[in-house]
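I opened the two-chain model and kept notes as I went. The entries below follow the order of looking.

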Amino acid sequence: MSWWRFFARRKRDLHEEIEAHLRMAVRDRVERGETPGEARAAAAKEFGNVPLVKDVTRETWGWQWLESGAQDLKYALRRLLKSPGFTIAAIATLALGIGANTAIFELLDAVLLQSLPVANPQELAEVRVVDMDKARGNYSSAYPAVTNPIWEKLREDHQGFSGIAAWTDTVFSRDSGGDARFANGLWVSGDFFRVLGVRPIQGRVFTAEDDRRGCGSPGAVISYGFWQQEYASSLFAFAKATSGL
Amino acid sequence: MLILQTLQWGPQHGYGISQAIRVRSGEVLQVETGSLYPALHRLERQAWVRSEWKLTESNQRAKYYRITATGKKQLASDHGRWQQMVEAIGAIMSGELERGEP
């Protein structure tokens with residue numbers, strides 16, 4: 001580290017400067033007839049407190065804070081090494097605290113902060129019925145369910161949105177021959193995927209054309225995660241999946 | 001100001017400066033080393049003096065300080081201010097004496 005060498009050199013410089021001062025003072029006194037011993041003592045007395053003079057001179061260099069900071073750090077480390085039990089407890093506490101915070105933040109980040117995996121999540125809005133007098137449907141749950149005529153009216157006659165889609169949650173029986181299981185799913189309106197801007201990796205998603213009575217298309221769209229988990233990422237699975245539902 | 005004035009007479013080391021001030025002031029002023037060295041290093045930081053290691057007449061290594069052009073300018077302005085101060089204080093003190101007389 002060059003700055004460290006620079007630091008050390010300036011300190012040595014100051015030391016030599018003061019040494020030279022004392023040597024010259026002693027020499028002058030000896031020339032005036034004092035004995036070397038007397039001269040040395042008198043010169044030292046005249047000079048005063050050498051370490052103190054060095055300290056106040058170094059203060060003018062403006063990095064005294066760095067030096068005392070380094071001293072404090074060294075002292076702290078020495079004390080920590082002297083009581084390893086305390087040190088381990090302190091480090092473990094810090095590690096646990098930081099770890100717990102990180103874990104909670106990761107959870108929050110995944111649940112709340114990460115945006116939805118759709119094209120323009122900032123443009124999404126939820127439509128709710130304001131005038132409850134004329135509202136028909138189920139309004140007791142978190143997401144109100146409107147009747148189909150109301151939905152069809154909304155679909156045909158909405159202003160201010162580029163698209164509108166409806167959904168309701170349900171549970172499908174995923175019967176793959178022998179072991180029937182439930183799978184969480186959604187009933188969605190035909191335009192659902194277009195409105196959200198979600199495109200399929202394989203096959204196709206529903207479109208508005210599918211959204212008619214007796215469309216005769218018993219298909220399903222499954223998520224990537226569901227595909228991996230339930231069908232082991234097999235392409236063959238698509239045929240089976242659609243017939244199974 | 002005294003240090004800069006001492007260096008006007010030529011480059012000098014710390015010991016030389018303290019001796020010069022003592023001798024020139026007729027042994028009245030004695031610069032403490034605890035003030036002299038911080039002051040020299042501060043002057044160097046402000047670029048009013050420059051330092052270099054040289055040999056003394058008695059062949060000893062010593063750090064010599066030399067006044068710079070900005071240092072000379074600073075000395076002139078300090079000297080002017082000092083003169084003003086002396087005159088102002090002098091005027092006040094002589095006024096005191098005149099009024100003090102019966």
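Which residue in E3(B) is the bridge partner of B:Gln12? I looked it up and found B:Tyr65.

**Ground rules.** I am working with a predicted model, in which local features need pLDDT of at least 70, side-chain atom pairs count only at pLDDT 80 or more, and totals for chains, interfaces and linings use all residues. Residues are numbered from 1 along each chain as its sequence is written, while chains are lettered from A and ligands numbered from 1 in the order in which they are written.

**Chain B, outline.** I listed four helices and three strands in chain B. Helices (H or I, at least four residues) and strands (E, at least two) are DSSP runs, numbered from the N terminus. Read from the N terminus, the order is α-β-α-α-β-β-α. I noted that 25% of the 102 residues in chain B are buried. Buried means 20 or more other C-beta atoms within 10 Å of the residue's own, exposed means 12 or fewer, and partly exposed lies in between, with C-beta atoms placed from the backbone. Of the contacts in chain B with a separation of 6 or more, 42% join residues 24 or more positions apart. A contact here is a pair of residues whose C-beta atoms, placed from the backbone, lie within 7 Å.

**The sheet.** I traced an open sheet of three strands in chain B, in the order E1-E3-E2, with antiparallel pairing. E1 and E2 of chain B are at the edges with a single partner strand each, so one side of each has no neighbour in the sheet. Two strands pair if DSSP finds at least two bridges between them. Strand E1 (residues 12-13) of chain B joins strand E3 (residues 61-67) of chain B over two bridges. Strand E2 (residues 49-55) of chain B joins E3(B) over seven bridges.

- B:Val49 is opposite B:Ile67.
- B:Ser51 has B:Tyr65 as its bridge partner.
- B:Trp53 is opposite B:Lys63.

E2(B) and E3(B) make a hairpin with five residues between them, and B:Asn59 in the turn has a positive phi of about 60°. H3(B) packs on the sheet and touches E2 and E3 of chain B, with its direction at about 115° to that of E2(B). Axes are lines fitted to C-alpha atoms, for helices over the stretch in contact, and angles run from 0 to 180 degrees between N-to-C directions.

**Cores.** A nonpolar core is a set of buried Ala, Val, Leu, Ile, Met, Phe, Trp, Tyr and Cys residues joined through C-beta atoms within 7 Å. The largest has 16 residues, and those that touch the most other members are B:Ile3, B:Leu7, B:Leu36, B:Leu40, B:Leu43 and B:Val49. Helix H1 (2-8), helix H3 (33-45) and E3 of chain B each give two or more residues to this core, and H3(B) gives the most, five residues. I checked B:Leu7 separately: leaving out residues up to four places away in sequence, B:Leu7 touches B:Gln12, B:Val49, B:Tyr65, B:Arg66 and B:Ile67. A second, separate core of six residues includes A:Met24, A:Ala25, A:Val26 and B:Tyr15.

**Between the chains.** I found 16 residues of chain A in contact with 17 residues of chain B. On the side of chain A that touches chain B, helix H1 (2-31) and helix H3 (50-59) of chain A each supply at least two residues. H1(A) gives the largest share, seven residues.

**Positive phi.** Two residues other than glycine went into the notebook. B:Glu27 has phi near 65° and lies in the loop between helix H2 (14-24) and H3 of chain B. B:Ala47 also has phi near 65°, in the loop between H3 and E2 of chain B. Are they buried or exposed? B:Glu27 is exposed, with 8 other C-beta atoms within 10 Å, and B:Ala47 is exposed, with 12.

H5(A) has 30 residues, and the number buried is zero, so H5(A) lies largely in the open. I also looked at A:Pro121, in the loop between helix H5 (84-113) and strand E1 (137-138) of chain A. A:Pro121 and A:Gly197 are 76 residues apart in sequence and 9.7 Å apart in space, C-alpha to C-alpha.

Conventions
Two residues are in contact if their C-beta atoms, placed from the backbone, lie within 7 Å.
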